[in-house]
Amino acid sequence: MSIEGSMPAAFTPRHLGVALVTASAILWSSAGYFTRAVPLDIAALLFWRGLFGAATSLAFILALEGRNTWRSFRAMGWVGLGFCLLSSLGMACFVASLRLTSVAHVSIIYATVPFVAAGLAWLVMRERASAAVLVASLFAVVGVALTVAGGGGQGSLIGDALALAMTVLVAAFVVMRRRFPDVPLVPAACLSALVPALISAPLMSSWPANADEVVLLVAFGVSNMGLALVCFTIGAKFIPAAQTALIGALETPLAPLWVWLAFGEAPGTAALAGGAVVLLAVVGSMIWEGRISTIKAG
């Protein structure tokens, strides 16, 4: 059985793609909650997140492929290795940028991913982003800017450059997934989760102190890395690159929501307003694109 070859009959490929990419954005938005809930150093968090994330992806592959698991890793070829490299470099740039510039700068620069993805998709395969997606992406950038308003902080040229590099790398692997829809990239997602764990292992300075922390680390890796990467990797091949990146913008306004619900840290007015703008932009784009698809199908 192919890892990505089956889908529920009730879904069109576009519906499935939107649902899976949305799920990945929701899962990725939980990172702030887990990093607050588990008092370990960043290297330790990245190690456990990557380790349990890779195990989750591998379990998914084993469940579908069985004895053909090794063959599925070989089948990903250079495309899969490229996907893994882009993802790993993107993660490294993300972590480094957060250390060298403000979170607000990183968030706003990353919010331009839909535009970068649209440009790369046109250059690589002449895929044109719809006007609705581009307009919604512009509103999403505004929403992200509102979300982080008041927390701009002091940026740095190197940190901002790394955030821009991360943005380009993310756009590149979104386009790569779209360009090679038939290549099984879930094995590459498994490796993408494992690489940060291997890099972080020598840098760890703390270990989980009790069973509760272990449970949280497992949940962190399974949801925020393993399931999120699987959902994204499968879903991104069914919808245009710019729309994939736009849906990913949901991660920014959702992140403070989980922290609010778990720790009682209510987001400010600017964050609520920005989150509403991003949500309306993404949902509006989905509805519009859905109507266009229905009209074309009819």
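## Salt bridge, pocket and surface patch

Arg-178 and Glu-127 form a salt bridge, with their closest N and O atoms 2.7 Å apart. The term requires a side-chain nitrogen of Lys or Arg within 4 Å of a carboxyl oxygen of Asp or Glu. Arg-178 sits in helix 9 (residues 157-179) and Glu-127 in the loop between helix 7 and helix 8 (131-147), so the pair ties together parts 51 residues apart in sequence. Helices are DSSP runs (H or I, at least four residues), numbered from the N terminus. One salt bridge is found in the whole structure.

This is a predicted model: local features need pLDDT of at least 70, and side-chain atom pairs count only at pLDDT 80 or more, while totals for chains, interfaces and linings use all residues. Residues are numbered from 1 along each chain, and side-chain values use heavy atoms, without hydrogens and water.

Relative accessibility follows (buried under 20%, exposed over 50%, partly exposed in between; 1.4 Å probe, protein chains only).

| Residue | Relative accessibility | Class |
|---|---|---|
| Arg-178 | 22% | partly exposed |
| Glu-127 | 16% | buried |
| Phe-115 | 31% | partly exposed |

Phe-115 belongs to helix 7 (residues 113-125). With Leu-134 and Leu-138, Phe-115 forms a nonpolar surface patch of about 240 Å² accessible area together. Such patches join nonpolar side chains within 5 Å, from residues with over 30% relative accessible area and no salt bridge.

The lining of the second largest pocket holds 11 nonpolar residues, two polar and one charged. Helix 5 gives the most, six residues.

Definitions and conventions. Patch = residues over 30% accessible without salt bridge, like charges linked within 9 Å, V, L, I, M, F, W, Y side chains within 5 Å. Areas by Shrake-Rupley, 256 points an atom, 1.4 Å probe, with all protein chains shown as cover. Helix = DSSP H or I, 4+ residues; strand = E, 2+ residues; numbered from the N terminus. Nonpolar A, V, L, I, M, F, W, Y, C, P; charged D, E, K, R; others polar.
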